[in-house]
Amino acid sequence: MTKPLLEDFINVSIDHTVQLEKNSVVLTKQSHDRNTNDIIIIKLYAVLEAVSDRVEMHHNIAQQRNNWNNLLLNSINMITLTATTLAGVASAAATTCSDSSLLALKLSSALLFSAATGLLLIINKVNPSQLTEEQRNATRLFKQLQRQIQTTIAIGNPSEEDVKDAMEKVLTLDKAYPLPLLGAMLEKYPAKFEPAVWWPSNKGKPQSKKMGKMNNGWSEELEMEMREVVEVIKRKDTEDYNRLGNIALKINKSLTIAGPLLTGIAAVGSTFIGNNGSSLAAFVPLMAGSLAAAINTFQHGGQVGMVFEMYRGSSGFFNFLETSIESTLSEKDLEKRENGELFEMKMALKLGRSISNLRELASKSASYRMEGVGDMGEFASKLF
């Protein structure tokens, strides 16, 4: 009896030891997973802190550059109108005042027109209203990224990929909307209108080749719907904003040349006032100075640069939607995609439509394409 009892005791002890070892391995693994998760969350908080700092910086810079626009606009107009007034006084007093007084009026007018020309060249180079709109867009996009990171942390169980993705978005936004003026400022008068790009490129990222079953909220109908939405965006929204952006760019370029050119002509013309009693010498600076003040008010008071940047950002937004849909559909492993129903809801909200309206838009687009509508641009305008 003693031997079997001893063997049972030994077996129970061995089983207990094995179980303790298994529990120890499980606890060690759980502890390691917790440590890894804690490190990832700490990294996300570090990125979040950097994003919050950028939100504050871009907001402050936007206010500062808006002040620049207002101050420079008022200062240049005051200088231009004062110079025009002096030119008019010199012209009126050309036959009555002494030569020294006339010379003083002419030089004062010419110097003020020259100062206005120099300031216009500077303000047109940096275009403060456009700079302000750039910083407003940067503030909005960084706030959007800030909320995305906060949502990722709140949902829990973030991955290293989430940290990498957040850092890529921060760096891409820094490049798209730089803070410094010297060396890094965006081109204000590009040769061709190009939409803004503030999202990381998907080039080089591996795509799964495995095609899963239609699950995770996705179906063939939903994929077809998203493809039709992309086609409508390309035919309607992107095309319209590119056209309007090109118009705004041409107007901005014309006004940028006209303002300094007119003040320069007025500066030269004011030096000829009173020579040989010519009325044309008095007419040129008066007319050029008045037109220069009007053009400056229209360009910077009307914030034509801001309008151009607004169209650039709007066109970029629709390009972003196209890229988001195309990159999502290119992922063959449906489990790695964002949930289909959630993705559809987000697209509908971004386009300002209900889900039913979005589906109706896609179905009408598909039916018109099947029927072979000739003028797709006219069709897209009817849909919207």
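A residue counts as buried when its relative accessible area is under 20% and as exposed when that area is over 50%, with partly exposed in between. Keep those cut-offs in mind on this tour, and remember throughout that the model on your screen is predicted.

**First stop: two asparagines in loops**

Select Asn-157, which sits in the loop between helix 3 and helix 4 (160-176). Its relative accessibility is 67%, and because this is over 50%, Asn-157 counts as exposed. Now select Asn-127, which belongs to the loop between helix 2 and helix 3 (128-155). Is Asn-127 buried or exposed? With a relative accessibility of 0%, Asn-127 counts as buried.

Look next at the backbone of these residues. Most residues other than glycine have a negative phi. Asn-127, however, has a positive phi near 50°, and the phi of Asn-157 is also positive, near 55°.

**Second stop: helix 2 beside helix 5**

Select residues 99-126, which form helix 2, together with residues 220-270, which form helix 5. Two packed helices are described by the angle between their axes and the distance between the axes. Here the axes come within 8 Å of each other and cross at roughly 165°, which means that helix 2 runs roughly antiparallel to helix 5. The crossing of these two helices is left-handed.

To see where they touch, show the side chains on both sides: helix 2 contributes residues including Lys-106, Phe-113, Leu-120 and Asn-124, while helix 5 contributes residues including Thr-256, Gly-259, Pro-260 and Ser-270. Sorted by class, the residues of this contact are 8 nonpolar, 9 polar and 1 charged.

Which residues does Gln-299 contact, once its neighbours within four places in sequence are left aside? They are Asn-124, Tyr-189, Asn-252, Leu-255, Thr-256 and Val-304.

The side chain of Gln-299 makes a polar contact of 3.0 Å with the side chain of Thr-256, and another polar contact, of 3.2 Å, links the side chains of Gln-299 and Asn-252. Gln-299 has a relative accessible area of 2%, so it is buried.

Although Asn-77 and Asn-296 are 219 residues apart in sequence, their C-alpha atoms are 7.3 Å apart in space. Setting aside residues up to four places away in sequence, Asn-77 touches Ala-293, Asn-296 and Thr-297. Its side chain makes a polar contact of 3.0 Å with the side chain of Asn-296, as well as one of 2.8 Å with the side chain of Thr-297. The relative accessibility of Asn-77 is 13%, so this residue counts as buried.

**Last stop: helix 7 beside helix 8**

Finally, select helix 7 (residues 304-330) and helix 8 (residues 340-350), whose axes are 12 Å apart and which pack at an angle of about 170°. Helix 7 is therefore roughly antiparallel to helix 8, and it passes helix 8 in a left-handed crossing. On the helix 7 side the contact is made by Phe-317, Phe-320, Leu-321, Ser-324, Ile-325 and Thr-328, and on the helix 8 side by Phe-343, Met-347 and Lys-350. Colour these residues by class and you will find 6 nonpolar, 2 polar and 1 charged.

Methods
Residues numbered from 1 in each chain as written. Predicted model: local features only at pLDDT ≥ 70, side-chain atom pairs only at ≥ 80, totals over all residues. Heavy atoms only, no water. Axes fitted to C-alpha atoms, helices over the stretch in contact; angles between N-to-C directions. Helix = DSSP H or I, 4+ residues; strand = E, 2+ residues; numbered from the N terminus. Parallel < 35°, antiparallel > 145°, perpendicular 65-115°, else oblique. Left-handed = near helix turned anticlockwise from the far one by under 90°. Contact = heavy atoms within 4.5 Å. Nonpolar A, V, L, I, M, F, W, Y, C, P; charged D, E, K, R; others polar. Buried < 20%, exposed > 50% of the residue type's maximum accessible area, 1.4 Å probe, protein only. Polar contact = N/O pair within 3.5 Å; in protein donor to acceptor, adjacent residues only side chain to side chain.
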